[in-house]
Amino acid sequence: MLKIVKTSIAIATISLLTAGNAQADVGEALQNICTIVKADDKGELRKKMKRVQSDFRLKLKDYYTGVTCGGNSLIRTAMLNGAVETGTLMVKKMPKGDLSSPESDGKTVLAWASENGLDASPIVAALNDRI
């Protein structure tokens with residue numbers, strides 16, 4: 001009986017340590033994604049998304065809400081920095097339903113863009129075509 005308890009505790013401890021390392025690794029993998037988006041480096045963003053998908057089985061929709069760049073989502077950051085290529089790529093990769101749902105501040109990307117005078121952005125045009 002004591003052997004079973006020790007084995008269970010060992011397995012639980014290893015599971016917790018492994019889960020914690022996986023979280024940290026995803027964070028490390030996504031560490032410079034804001035810089036990539038701001039620089040409008042579509043090729044590097046595509047590589048980063050493929051690496052995260054192959055290494056952690058996560059798609060853009062899985063980590064999009066957890067990544068902020070100066071308090072803004074990735075698509076909002078692309079709009080603010082005129083990063084049309086990366087912004088358009090993310091719009092194409094996100095599910096339509098997620099694009100029209102409110103973000104952390106309760107505003108959709110389109111409503112936020114309208115409030116900030118970014119209606120003429122090509123990224124907004126891509127959003128309108130997609131939604």
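Trainee: Which residues have the most contacts inside the largest nonpolar core?

Mentor: Leu-74, Ile-75 and Met-79, in a core of 33 residues. A nonpolar core is a set of buried Ala, Val, Leu, Ile, Met, Phe, Trp, Tyr and Cys residues joined through side-chain atoms within 4.5 Å. Helices H1, H5 and H8 are among those that each supply at least two residues. This is a predicted model, where local features need pLDDT of at least 70, side-chain atom pairs need 80 or more, and totals for chains, interfaces and linings use all residues. Residues are numbered from 1 along each chain, and side-chain values use heavy atoms, without hydrogens and water.

Trainee: What makes Ala-113 buried?

Mentor: Its relative accessible area is 0%. Buried means under 20%, exposed over 50% and partly exposed in between, with a 1.4 Å probe and protein chains only, so Ala-113 counts as buried.

Trainee: Which residues is Ala-113 in contact with, leaving aside neighbours within four places in sequence?

Mentor: Met-79, Leu-118, Asp-119 and Val-124, where contact means heavy atoms within 4.5 Å.

Trainee: Why are H6 and H9 called roughly parallel?

Mentor: Their axes cross at roughly 15 degrees and come within 9 Å. Axes are lines fitted to C-alpha atoms over the stretch in contact, with angles from 0 to 180 degrees between N-to-C directions. Angles under 35 degrees count as roughly parallel, over 145 as roughly antiparallel, 65 to 115 as roughly perpendicular and the rest as oblique; H6 and H9 are therefore roughly parallel.

Key
Helices (H or I, at least four residues) and strands (E, at least two) are DSSP runs, numbered from the N terminus.
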